[in-house]
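Please examine the sequence and the model shown below before reading on.

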Amino acid sequence: MLAVALSQKEILTYLNRISQEHALLRLTVACINSPNSITVSGDESQIQDLKSLLEADQVFCRRLKVKVAYHSFQMHEIASHYESAIGEMDEESDVAHGHRSCMVSTATGNWITPDVLR
């Protein structure tokens, strides 16, 4: 993942350049942190290519110290396993199993229930 001091619109020029060098673009804007700060996620080699282009244009960018490119195609590999592991988050399933499903929001750190997700 790469933190970049550009807007979502401004990064498109760079993503287009990367897509011309690769058969398949495997980069995505993973997070919009502010109007002029985004996080790009995706394939390791394409992240490096993007970083090189940005540095050549003197655009601030910094690699994030993470092992998994969240909010990217890499998560598709485990999505079905994750969905199966957490089960159904609905009240009908809860009643049938005699419990109430809850989860912790990674954004707020608070417990949330299915009714909040609607």
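The following paragraphs move from the overall fold to one helix pair and then to the cysteines.

This is a predicted model, in which local features need pLDDT of at least 70 and side-chain atom pairs count only at pLDDT 80 or more, while totals for chains, interfaces and linings use all residues. Residues are numbered from 1 along each chain as its sequence is written, and side-chain values use heavy atoms, with hydrogens and water left out.

The protein contains five helices and six strands; these are DSSP runs numbered from the N terminus, where helices are H or I runs of at least four residues and strands are E runs of at least two. Along the sequence, their order is β-α-β-β-α-β-α-α-β-β-α. Of the 118 residues in the protein, 29% are buried, where buried means under 20% relative accessible area, exposed over 50%, and partly exposed in between (1.4 Å probe, protein chains only).

Helix H1 (residues 8-21) packs with helix H2 (residues 44-56) at an angle of about 125 degrees, and their axes lie 10 Å apart. Axes here are lines fitted to C-alpha atoms, for helices over the stretch in contact, and angles run from 0 to 180 degrees between N-to-C directions. Contact means heavy atoms within 4.5 Å. Among the residues of H1 that meet H2 are Ile11, Leu15 and Ile18, and those on the H2 side include Leu50, Leu53 and Leu54.

How many disulfides does a search of the whole structure find? The search finds zero, a disulfide being a pair of cysteine sulfur atoms within 2.5 Å. Cys31 is partly exposed at 33% relative accessible area, whereas Cys61 is buried at 12%.
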